[in-house]
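Thank you all for coming. I would like to walk through one model slowly, starting with the whole chain and ending at a single residue.

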Amino acid sequence: MKIIVTGSLGNISKPLAETLVGRGHDVTVISSDPKKQAAIETIGAKPAIGSIADVDFLTDTFKGADAVYAMIPLSFTEPDLGDYLRRMAQNYAKALKAAKTKRTVVMSGWAADLIKSENVENEFDDLDASITIMRPGSFYTNFYQSMDLIKGNGLIGKFLTLRYSGLWALLTGKTGLLMGNYGGEDRIVFVSPKDIADAVAEELLLQPEKTTIRYVGSEEMTCNEAARIIGTAVGKPWLKWILLSDKEMLQGLKMAKVPEKLAKTLVEMQAAMHGGKPLENFHRNNPKMGKVKLADFTKEFAVAYHQK
Ligand SMILES: NC(=O)c1ccc[n+]([C@@H]2O[C@H](COP(=O)([O-])OP(=O)(O)OC[C@H]3O[C@@H](n4cnc5c(N)ncnc54)[C@H](OP(=O)(O)O)[C@@H]3O)[C@@H](O)[C@H]2O)c1
């Protein structure tokens, strides 16, 4: 089959493209970065260099393909995340229609349908094609973004330790934490991008008549349990995941100079996870869990942690 993979050599798209190539498919990988060309060729795929903001480029790349994996990279520079996601989803829909693509697997998220302004799944409704919407939980790879927090280094790290773990933790050198407006004892479905890639690879070969939705997860646990597993792997078994209020989270994002509307959206997304609805929906759909557990992921995480 001729398959188009968007998302370059990202968390999901790299193992996805590798799996598809390994199974003998003709795979094209879309990247916006000409420097990725050689790396894409190295895994046995064809590079298509261009942006998902360019409908003509997408249409030309999709022409003649049997199936497309369509993902929208998150942008932390777009001031209005909902508007950006909608524009990109509409670009995909226009290109898929023009290219007469018969099968598309769309990347969404397990909380996407709960936040109206960010839900772009319905942009694919009018296509005369077989569509599957993927709704994965929270990626293990998100922990890379918290590396500095976990290290607890520097003035900010020490201040946060003092504020949330107390003077004793600071004096004993037990610095470092995870935080967000979901956390603590909230139960979350975490997922390995490799397990998502396997699920997408499976879906791309199917042709359901009606639009289908597939939830994907690898392991469910509380945030504090996740913190303990991550902490133990990096020599900080005391690591906790502090639950912030929505207001505290918003303040933190503002201090980090995240644009106001985007910050509100991020807080809303995390608040949905804290509220437990995504977990309820996940359980209702009862998908089979993937095989990569958090403890497996921490092996690669620990290497990166000690190299940084
Ligand atoms: N993180 C989570 O917990 C979570 C949970 C649920 C759903 N999701 C969804 O999962 C997706 C993220 O997947 P991922 O982690 O595999 O992605 P990723 O690792 O962030 O990779 C995305 C790649 O897309 C490429 N890209 C960026 N802008 C582009 C553009 N304008 N045109 C073409 N390519 C562009 C970039 O590579 P180049 O520089 O090579 O172009 C980037 O590395 C998002 O849709 C997100 O909403 C995430």
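Predicted model: local features only at pLDDT ≥ 70, side-chain atom pairs only at ≥ 80, totals over all residues.

Let me turn to the overall build. The protein chain has 13 helices and 12 strands. Its radius of gyration is 20 Å, close to the 19 Å that the globule rule gives for 308 residues, and therefore the chain is as compact as a globular protein of that length. Along the principal axes, the C-alpha trace spans about 65 × 40 × 40 Å. If we take contacts between residues at least 6 apart in sequence, 76% of them join residues at least 24 apart.

The chain carries 39 positive and 36 negative charges, whose mean positions are 4 Å apart.

Finally, I would like to stop at one residue, Ser 8, which sits in the loop between β1 (2–5) and α1 (13–22). Is Ser 8 buried or exposed? Its relative accessible area is 13%, so Ser 8 counts as buried, given that the cut-off is under 20%. Leaving aside residues up to four places away in sequence, Ser 8 touches Ser 13, Lys 14, Val 29, Ile 30, Ser 31 and Lys 36. For one of these, Ile 30, the C-alpha atom is separated from that of Ser 8 by 5.3 Å, although the two residues are 22 residues apart along the chain.

Note on methods. Residues numbered from 1 in each chain as written. Heavy atoms only, no water. Helix = DSSP H or I, 4+ residues; strand = E, 2+ residues; numbered from the N terminus. Rg over C-alpha atoms; globule rule 2.2 N^0.38 Å. Contact = heavy atoms within 4.5 Å. Lys, Arg positive; Asp, Glu negative; His and termini not counted. Charge placed at Lys NZ, Arg CZ, Asp CG, Glu CD. Buried < 20%, exposed > 50% of the residue type's maximum accessible area, 1.4 Å probe, protein only.
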